[in-house]
Amino acid sequence: QVQLVESGGGLVQAGGSLRLSCTASGSTSSILTMGWYRQAPGNQRELVATISRGGSTNYADSVKERFTISRDNVDNTVNLQMNSLKPEDTAVYYCRADLLMGARKLNSWGQGTHVAVSS
């Protein structure tokens with residue numbers, strides 16, 4: 001399996017920036033897409049951004065032009081640069097890795113890192 005550890009959350013004022021990082025360990029050669037998801041209190045977990053092994057990216061409409069996802073396949077890390085943060089970006093952010101292990105498609109989640117944006 002794959003273990004994911006996130007870092008970089010915290011408290012920031014609206015308009016500020018944060019950079020989240022996620023490091024994968026274990027069977028990292030099985031990782032296909034990596035991504036960031038978030039869950040605000042009372043809400044369902046939602047996609048923020050994903051990046052394929054080849055570097056193709058996908059963003060939620062709410063974060064386009066503000067957030068940038070990047071990936072290093074050598075270091076097995078995925079980062080999320082968040083600029084122009086808004087109070088509605090407040091949530092727990094989770095890293096996810098989609099895996100292909102033999103014929104099985106699996107996914108792994110990190111423990112989450114909290115981002116709070118004050119107005």
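Visitor: Which residues touch the most other members of the largest nonpolar core?

Guide: Please keep in mind that this is a predicted model, in which local features need pLDDT of at least 70 and side-chain atom pairs count only at pLDDT 80 or more, while totals for chains, interfaces and linings use all residues. Residues are numbered from 1 along each chain as its sequence is written, and side-chain values use heavy atoms, with hydrogens and water left out. A nonpolar core is a set of buried Ala, Val, Leu, Ile, Met, Phe, Trp, Tyr and Cys residues joined through side-chain atoms within 4.5 Å, where buried means under 20% relative accessible area, exposed over 50%, and partly exposed in between, with a 1.4 Å probe and protein chains only. The largest such core has 29 residues, and those that touch the most other members are W36, L80, M82 and Y93.

Visitor: Which strand gives the most residues to this core?

Guide: Strands here are DSSP runs of E with at least two residues, numbered from the N terminus. Several of them, including β1, β3, β4 and β5 (46–51), each supply at least two residues of the core. The strand that gives the most, with five residues, is β9.

Visitor: Are C22 and C95 buried or exposed?

Guide: C22 has a relative accessible area of 0%, and C95 is likewise given 0% relative accessibility. Because that value falls under the limit of 20%, C22 and C95 are each counted as buried.

Visitor: What is the handedness of the disulfide of C22 and C95?

Guide: The handedness is read from the torsion about the S-S bond, which is about -80° here. The disulfide is therefore left-handed.

Visitor: Which residues do the ring pairs link into a cluster?

Guide: Rings of Phe, Tyr and Trp (its six-membered ring) pair if their centres lie within 6.5 Å, and planes under 30 degrees apart count as stacked, over 60 as edge-to-face and the rest as tilted. The rings of Y37 and W109 have centres 5.1 Å apart and planes at 70°, so this pair is edge-to-face. Y94 and W109 form another edge-to-face pair, with 6.4 Å from centre to centre and 85° between the planes. The cluster is made of Y37, Y94 and W109.

Visitor: Is W109 buried, exposed or partly exposed?

Guide: Y37 is buried at 13%, and Y94 is buried at 14%. W109, at 32% relative accessibility, counts as partly exposed.

Terms used
Helices (H or I, at least four residues) and strands (E, at least two) are DSSP runs, numbered from the N terminus. A disulfide is a pair of cysteine sulfur atoms within 2.5 Å.
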